[in-house]
Amino acid sequence: MEFVLDGRKREDILRHFLGDLDPELMMRYGHRKEQFFRNEARDVETISGLLSFLEDLEDAGVAKGVASSGSRSRVSFLLDRLDLNGHFQVVVTGDEVKNGKPDPSIFLRAAQALGKDPGELLAFEDAVSGVQSAKAAGMKCVGIAQPDRASLLLDSGADRVVPDFRLLSYSKLQELFV
């Protein structure tokens, strides 16, 4: 189950569990997986403190982006569902890169779209492969995990781990990383 929750692309997940599939079967299973996800996503909520944290970053003039291994349709669905669309200047999805996380491509593409050097950016990740991807791209990374999973993200290279966004602010990030 950890592999599914580890920020992998849909095709990588299906290949992991089902082996090599012909493209038509891969597409059919992928659509089916997407239907299951959308049915379950009705109960998805943002992590505590996220909205106020995003607003604080906006007040500070910080550009923000999403770099998700999910498909464009899935990411758009979730951003709409959670009313987050207006908070991000850039959204890069797994459809735009050949390799999913832990490959750094998705973070490098997001940095390029933001017009920033990856070393200037801070990623927030809840998955081991996401932390590895952000660090491989040259970014600093804050892991988001409850205490029982924090060591997994720290061992993967996260610079810090927090349980949610409630205690984070732009000024707190400056204290931690400047």
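**Salt bridges and a parallel sheet in a predicted model**

Lys 135 counts as partly exposed, at 30% relative accessibility, where partly exposed lies between buried (under 20% relative accessible area) and exposed (over 50%), with a 1.4 Å probe and protein chains only. The structure is a predicted model, in which local features need pLDDT of at least 70 and side-chain atom pairs count only at pLDDT 80 or more, whereas totals for chains, interfaces and linings use all residues. Residues are numbered from 1 along each chain as its sequence is written, and side-chain values use heavy atoms, with hydrogens and water left out.

Lys 135 forms a salt bridge with Asp 159, with the closest N and O atoms 3.0 Å apart; the term denotes a side-chain nitrogen of Lys or Arg within 4 Å of a carboxyl oxygen of Asp or Glu. The pair links distant parts of the chain, 24 residues apart: Lys 135 belongs to helix α6 (residues 128-136), and Asp 159 to the loop between α7 (147-155) and β5 (160-162). Helices (H or I, at least four residues) and strands (E, at least two) are DSSP runs, numbered from the N terminus. Asp 159 is also partly exposed, at 28% relative accessibility.

By this rule the model contains 5 salt bridges. Another of them joins Arg 72 to Glu 96, with 2.4 Å between the closest N and O atoms. Here too distant parts of the chain are linked, 24 residues apart, with Arg 72 in helix α4 (residues 72-81) and Glu 96 in the loop between β2 (90-93) and α5 (105-114). Arg 72 is partly exposed at 33% relative accessible area, and Glu 96 is partly exposed at 27%. In the salt bridge between Glu 58 and Lys 64, the closest N and O atoms are 3.9 Å apart. Glu 58 is partly exposed, at 31%, whereas Lys 64 is buried, at 6%.

Turning to the strands, an open sheet of 3 strands has the order β3-β4-β5 with parallel pairing, where pairing requires that DSSP finds at least two bridges between two strands. The edge strands β3 (122-125) and β5 each pair on one side only. From one strand to the next, the twist averages 25°, with axes taken as lines fitted to C-alpha atoms (for helices over the stretch in contact) and angles running from 0 to 180 degrees between N-to-C directions. Strand β4 (residues 140-144) pairs with β5 in the parallel sense over 3 bridges, and Val 142 has Arg 160 in β5 as its bridge partner. Helix α8 (residues 170-177) lies across β3, β4 and β5, at about 105° to β3; contact means heavy atoms within 4.5 Å.
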